[in-house]
Amino acid sequence: SRRQSEAGLVALKSEIDELRKLCKEIKDDQESIERLNRLEKEMDAKIKEQEEMDAEIKEESDRVARVRALEKRAEEEEKFAVSIASTAQQAKAAAQQAKAAASSAEASASMSIGQANTATTAASV
């Protein structure tokens, strides 16, 4: 009977040890699950942060594209203004040439009138 009791105690002690092992494994598993949950929350936060950064980058990229389009338009308008100024300069030069030609023609006409008057005076004498 005593041997049975001792055998029963040894078996009971072995079961208790086994249960303690299982409890420790369960506790370790729970800690692992908690760590995984924390990591998942951190990962979700980092994903959200990355999405916000991506949105900011896209906004900045869009702004840069708009600025470049405006710069290109300004360059085209500047070229057009330079072209208009060049055309105006050419028109001014042509007007000055026409004025000079008119002055020359006027001087030539005056000389012709003077020669004609001289010829008329000589003919009448």
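What follows is a short exchange on surface patches and salt bridges in a predicted model.

Biologist: What makes Asp28 and Lys24 a salt bridge?

Modeller: The closest N and O atoms of Asp28 and Lys24 are 3.3 Å apart. The cut-off is within 4 Å, for a side-chain nitrogen of Lys or Arg and a carboxyl oxygen of Asp or Glu. The pair therefore counts as a salt bridge.

Biologist: How are Asp28 and Lys24 placed in helix α1?

Modeller: They are 4 residues apart, so about one helical turn separates them.

Biologist: Why is Lys24 called exposed?

Modeller: Lys24 has a relative accessible area of 51%. Exposed means over 50%, so Lys24 qualifies.

Biologist: And why is Asp28 called partly exposed?

Modeller: Asp28 has 31%. Buried means under 20% and exposed over 50%, so Asp28 falls in between.

Biologist: How do you know that Arg63 forms a salt bridge with Glu60?

Modeller: Their closest N and O atoms are 2.7 Å apart. That is within 4 Å, so the pair meets the criterion. Arg63 and Glu60 are 3 residues apart in helix α1, about one helical turn.

Biologist: What makes Glu77 and Arg73 a salt bridge?

Modeller: The closest N and O atoms are 3.2 Å apart. The limit is 4 Å, so this pair counts. Both residues lie in helix α1, 4 residues apart, about one turn of the helix. Arg73 has a relative accessible area of 52%, so it passes the over 50% mark for exposed. Glu77 has 45% and is partly exposed.

Biologist: How many salt bridges does a search of the whole structure find?

Modeller: The search finds 5.

Biologist: What makes the nonpolar patch?

Modeller: Leu9, Leu12 and Ile16 make it, with about 280 Å² of surface. Ile16 is in helix α1, residues 2-124. At 36% relative accessibility, Ile16 is partly exposed.

Technical notes
Residues numbered from 1 in each chain as written. Predicted model: local features only at pLDDT ≥ 70, side-chain atom pairs only at ≥ 80, totals over all residues. Heavy atoms only, no water. Patch = residues over 30% accessible without salt bridge, like charges linked within 9 Å, V, L, I, M, F, W, Y side chains within 5 Å. Areas by Shrake-Rupley, 256 points an atom, 1.4 Å probe, with all protein chains shown as cover. Helix = DSSP H or I, 4+ residues; strand = E, 2+ residues; numbered from the N terminus. Buried < 20%, exposed > 50% of the residue type's maximum accessible area, 1.4 Å probe, protein only.
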